[in-house]
Amino acid sequence: MINCQLAGLLCRQHTSLTETDIEKIEQVAAQLELIADLSEANVFIDCQVKGTNNAIVVAEAAPTSGKTLYHDPYVGTIVYEVFEPSVFFSYRTGKNILFNRAVTQRGKLVKQSVAPIKNDEGQVIGMLIKEEDMPEMKASEKMRPLSSAPEMLWELFFGLSQDRPSVSDIMREYFILIDASHQVVYVNSSARSFVSEVYHILEPEGKMVTDVLPFIAPIMELNQDLVIQEMKIPSHFLEVKKVNIYQDDEITGMLILLRDITDLRMKERELVVKSVAIREIHHRVKNNLQTVASLLRLQIRNGVAEESRGHLTDSLNRVLSIASVYEIILANEQGDDDEVDIVSLSKKVGNMLLQHSEHSDVSIQMNYIGDTILLDSKKAVSIALVVNELIQNSIKHAFINRPSGEITVGFEKRQDDILLSVTDNGVGIKKEMNHSLGLDIVKMLIEHDLAGEYDIQSSQLGTKNIITFPIDQGVV
Ligand SMILES: Nc1ncnc2c1ncn2[C@@H]1O[C@H](COP(=O)(O)OP(=O)(O)OP(=O)(O)O)[C@@H](O)[C@H]1O
Ligand SMILES: [Mg+2]
């Protein structure tokens with residue numbers, strides 16, 4: 001059946017066009033072959049289906065040269081607006097649309113022109129549509145903004161010119177490209193050295209990736225587009241990344257990126273070993289100090305001259321105060337190995353002194369006021385000794401002929417320094433103060449080890465020792 005007859009038939013069946021309008025459509029349909037040949041394109045006539053917003057293809061023609069977009073007939077097909085909006089736009093507005101990019105109902109990207117067919121009253125009764133292939137446009141339009149980027153990236157990455165280094169050559173990561181059959185197609189310089197050093201393969205290209213990098217086999221079996229895993233091979237720790245490369249929904253290859261993290265893992269291990277070693281040393285120091293203390297205690301018990309006894313006891317307490325620092329470090333299970341809370345430390349020293357006090361007839365109340373202050377062990381040892389001397393002095397000298405007394409150790413972290421005070425409500429210092437070792441040790445430690453200042457104030461209300469020392473990196 002020739003075009004115009006079929007068009008008339010379809011119009012009568014499916015549209016609400018009048019006979020005059022149908023005649024007009026038939027006239028155009030009769031010229032359709034000519035138009036297709038002249039424009040070297042597929043041409044169609046669409047008319048609105050009665051009672052709906054859809055259209056029907058009532059006539060079509062392809063160029064006689066045989067160059068056609070479609071091999072299946074379109075005639076009689078219903079066309080929906082969602083698929084061909086420009087056709088319907090032209091229908092409603094009566095305007096021509098020229099060279100519009102369109103994706104047709106059959107999923108083809110085409111260059112589409114639409115001209116409305118009007119009756120003598122100027123009403124649109126159908127659409128004449130021309131569709132041409134646009135393969136060049138398709139590729140070039142898509143790529144135009146990017147066209148220089150792939151080239152630049154390619155050059156930058158793989159450096160086709162021999163005399164300049166490329167990114168892949170200066171990368172420390174091992175970069176391995178494989179094709180869909182898992183054959184190695186490209187390795188960068190660092191990957192090449194790696195496989196030659198570890199697996200003695202000089203030319204990985206063309207070999208199966210599982211032969212070149214045997215450890216990769218389990219990763220190749222994973223069906224994920226991106227895999228990131230850490231793997232250990234003899235004498236190497238590797239971070240392995242696998243990325244699938246797609247082209248038109250098909251995996252055409254994979255990129256394998258390996259990063260050697262052996263150094264990092266070894267350093268981590270070293271650190272763990274070191275911190276274990278440090279803890280061990282702390283243990284030994286603490287044990288040795290406690291052994292020294294035991295020896296002193298033994299000596300005191302074994303009977304020494306009364307005047308030496310006090311001195312030996314002082315020394316014993318000093319040794320035990322230093323040991324307290326290590327006890328606190330060792331009690332701190334997961335924390336930094338070299339951090340000591342000086343509040344807990346002072347409590348430990350204070351309790352130890354009260355326990356060993358020879359003045360058990362006086363009931364002494366100990367108070368510790370302040371926030372947690374962390375210091376490194378070196379400073380903590382100084383604090384332990386200072387607190388030892390000052391609490392000892394209060395116990396020894398402040399509550400003479402008194403039934404009870406109170407000692408308060410205060411800590412305050414200020415903007416730039418730490419304030420430590422040891423206060424008692426005792427008798428105060430006598431005018432003719434004995435010169436002895438205790439306060440000398442205190443001054444020496446504060447001035448030299450802590451770079452701080454020491455002041456002692458005394459009245460009938462008691463004695464107050466004030467120590468300030470700067471906060472530096474040692475303080476948290
Ligand atoms: N809290 C205090 N209350 C009363 N007097 C004190 C107090 N602290 C110190 N003193 C006086 O200051 C003197 C000097 O103290 P220092 O600690 O230097 O010596 P010590 O306690 O006598 O001997 P050591 O400390 O060497 O065993 C003491 O002998 C004591 O008279
Ligand atoms: Mg003293």
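**View 1. Helix 14 and helix 15 are roughly antiparallel to each other****.** In this predicted model, the axes of helix 14 (residues 377-398) and helix 15 (residues 437-449) come within 9 Å and cross at roughly 150°. Because an angle over 145 degrees counts as roughly antiparallel, the two helices are described in that way. Two packed helices are described by the angle between their axes and the distance between the axes. The crossing in which helix 14 passes helix 15 is left-handed. On the side of helix 14, the residues that take part are Ser-382, Leu-385, Val-386, Glu-389, Leu-390 and Asn-393, and they meet Gly-438, Leu-439, Ile-441, Val-442, Leu-445, Ile-446 and Asp-449 in helix 15. Sorted by class, this contact of helix 14 with helix 15 holds eight nonpolar, three polar and two charged residues.

**View 2. Asn-388 is a buried residue** **of helix 14****.** The relative accessible area of Asn-388 is 0%, and because buried means under 20%, Asn-388 counts as buried. When its neighbours within four places in sequence are left aside, Asn-388 is in contact with Asn-317, Arg-318, Ser-321, Val-349 and Leu-353.

View 3. Strands of a sheet pair through backbone hydrogen bonds, either parallel or antiparallel. Strand 13 and strand 15 (residues 404-413) run parallel and are joined by seven bridges, and Asn-367 has Thr-408 in strand 15 as its bridge partner.

**View 4. Strand 7 and strand 8 form a hairpin****.** Strand 7 (residues 174-179) pairs with strand 8 (residues 184-187) in the antiparallel sense, over three bridges. To follow the pairing in the structure, one can look for Leu-177, whose bridge partner in strand 8 is Tyr-186. Four residues lie between the two strands, and His-182 in the turn has a positive phi of about 70°.

**View 5. Asp-249 and Ala-451 each have a positive phi****.** Most residues other than glycine have a negative phi, and most peptide bonds are trans. Against this background, which value does the phi of Asp-249 come near? The phi of Asp-249 is near 65°, which is a positive value in a residue other than glycine. Asp-249 sits in the loop between strand 10 (236-247) and strand 11 (250-260), and with a relative accessibility of 75% Asp-249 counts as exposed. Ala-451, whose place is in the loop between helix 15 and strand 17, has a phi near 50°, again a positive value in a residue other than glycine. Is Ala-451 buried or exposed? The relative accessibility of Ala-451 is 54%, and because exposed means over 50%, Ala-451 counts as exposed.

Key:
Residues are numbered from 1 along each chain as its sequence is written. Chains are lettered from A and ligands numbered from 1 in the order in which they are written. This is a predicted model: local features need pLDDT of at least 70, side-chain atom pairs count only at pLDDT 80 or more; totals for chains, interfaces and linings use all residues. Side-chain values use heavy atoms; hydrogens and water are left out. Axes are lines fitted to C-alpha atoms, for helices over the stretch in contact, and angles run from 0 to 180 degrees between N-to-C directions. Angles under 35 degrees count as roughly parallel, over 145 as roughly antiparallel, 65 to 115 as roughly perpendicular and the rest as oblique. A crossing is left-handed if the near helix is turned anticlockwise from the far one by less than a right angle, and right-handed if clockwise. Contact means heavy atoms within 4.5 Å. Ala, Val, Leu, Ile, Met, Phe, Trp, Tyr, Cys and Pro count as nonpolar, Asp, Glu, Lys and Arg as charged, and the others, Gly among them, as polar. Two strands pair if DSSP finds at least two bridges between them. Buried means under 20% relative accessible area, exposed over 50%, partly exposed in between (1.4 Å probe, protein chains only).
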